[in-house]
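Me: I am new to this structure. Can you show me how to read its features, one at a time?

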Amino acid sequence: MADTLQQLLGIDAPIVLGPFGGLSSIELTATVSDQGGLGSYGLYGYDADRISDTVAALRTTTSRPFAVNLWLPTGDEVSPGDVDLAPALAAVAPLYEALGIPVPQPPVEFLPDVASQLTAVMDAAPAVLSLVYGVPDHRLVEAAHSRGIRILGTATTVAEAVELDAAGVDAIVATGAEAAGHRVSFLQPAEASLVGTFALVPQVVDAVGVPVIAAGGIADRRGVAAAFALGASGVQVGTAFLRTRQSAATEAHRQAIAAATDTSTVLTRAMSGRLARGIPNRAMRAIETAGVISPFPAQNWLTGQFRAEAGRRGEGELVSLWAGQAAGLAPSDDATEVFAELAAGLPA
């Protein structure tokens, strides 16, 4: 095994960009990689051709290693024919009306086929494939390793980390309940897997034999120093980078992060059907008040249609304002400054 996470991943500093599904940008991913960390790009919802194009664009922009991220299926995902969308469509109709756009017709499928996504990643052969919501099977691990691709698994509990370690992943992201976005639990319901970073990381370090990357509640040099004191080999940072102008977040989203306090975020299923952490706004409150939320990924598709238009218009009240509990510590709107602040907390 490589002596350090840097040697394992071919990077200079053990700082990983959180992979934002839907909010990733080529610029931010490349910036973090060029600074010596591991830039990451979330491929949620991308078909094979778009994956190939994205990896090619990243390679054009940076010569350093980067990661791409995919969601593994958990088995509880629904297809358009599996669910009556009428009640949930009625619940979100006022949000479409607010934008002056029609409620869409259901698609043939909510998401691209995961097998085709994985094939595209294998063909593109990025330095790292990071995965959430499950354990890769041995064929995927072997296929990745045969192409020189390292695999990062993501755990929200010790038991999940142990399963990932047994599957042969190269490193594990231990993501605490403080983190922004989706709670990527897969062994127990997300509500039963809300372990904080401070408790999770050292227990995962004790339980596995691969490097552990701490995530959740880390936004400045103090969080980085704390993660290494807990035994982590690296850190993954999302919200602090999401605030920067290099991310694909809207200006309203960046301002919401900049104005956040320790109690500004909540956990909700309103926007996607899966539990996620973000800042409440009109869309989240309206859906929760209506009390009708479709299963994933139906709900994510229902809200995604108006969220995309709201994002184009800069309407912060009608997008997903993903943010973690340390959003109030996000130090800057420039990714290079954020990286420098984080690097200042690394062990000498």
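Reply: We will go through strands, helices and single residues in turn. The model is predicted: local features need pLDDT of at least 70, side-chain atom pairs count only at pLDDT 80 or more, and totals for chains, interfaces and linings use all residues. Residues are numbered from 1 along each chain as its sequence is written, and side-chain values use heavy atoms, with hydrogens and water left out.

Me: Let us start with strands. Which strands pair with β4, and in what sense?

Reply: Strands of a sheet pair through backbone hydrogen bonds, either parallel or antiparallel. Helices (H or I, at least four residues) and strands (E, at least two) are DSSP runs, numbered from the N terminus. Two strands pair if DSSP finds at least two bridges between them. Here, β3 (residues 66–71) pairs with β4 in the parallel sense over five bridges. Strand β5 (residues 150–155) is joined to β4 by three bridges, also running parallel.

Me: Which way do the side chains of β4 point?

Reply: In a regular strand the side chains alternate between the two faces of the sheet. In β4, Val128, Ser130 and Val132 point one way. Leu129 and Leu131 point the other way.

Me: Is β4 largely enclosed or open?

Reply: Buried means under 20% relative accessible area, exposed over 50%, and partly exposed in between (1.4 Å probe, protein chains only). Five of the five residues of β4 are buried, so this strand is largely enclosed by the rest of the structure.

Me: What is the strand order in the open sheet of three strands?

Reply: The order is β7-β11-β10, with antiparallel pairing. The edge strands, β7 (181–182) and β10 (266–268), each pair on one side only. Two bridges join β7 to β11 (residues 276–278). His182 stands opposite Ala276 in β11.

Me: Now helices. How do α3 and α5 cross?

Reply: Two packed helices are described by the angle between their axes and the distance between the axes. Axes are lines fitted to C-alpha atoms, for helices over the stretch in contact, and angles run from 0 to 180 degrees between N-to-C directions. The axes of α3 (residues 48–61) and α5 (residues 114–124) come within 8 Å and cross at roughly 30°. Angles under 35 degrees count as roughly parallel, over 145 as roughly antiparallel, 65 to 115 as roughly perpendicular and the rest as oblique. The two helices are therefore roughly parallel.

Me: Which residues of α3 and α5 meet?

Reply: Contact means heavy atoms within 4.5 Å. From α3 come Ala48, Ile51, Ser52, Val55 and Arg59. From α5 come Ser116, Gln117, Ala120, Val121 and Ala124.

Me: Last, single residues. Is Thr197 buried or exposed?

Reply: Thr197 lies in helix α8 (residues 197–207). At 7% relative accessibility, Thr197 counts as buried. Beyond four places away in sequence, its contacts include Gly176, Pro202 and Leu230.

Me: And is Thr263 buried or exposed?

Reply: Thr263 is exposed, with a relative accessible area of 64%. Thr263 sits in the loop between α11 (251–258) and β10.

Me: What is the phi of Tyr133?

Reply: Tyr133 has a positive phi of about 70°, although it is not a glycine. This residue is in the loop between β4 and α6 (138–146). Tyr133 counts as buried, at 3% relative accessibility.

Me: Where is the cis peptide bond?

Reply: The bond joins Phe296 and Pro297, with omega about 0°. Pro297 is in the loop between α12 (282–290) and α13 (298–313).
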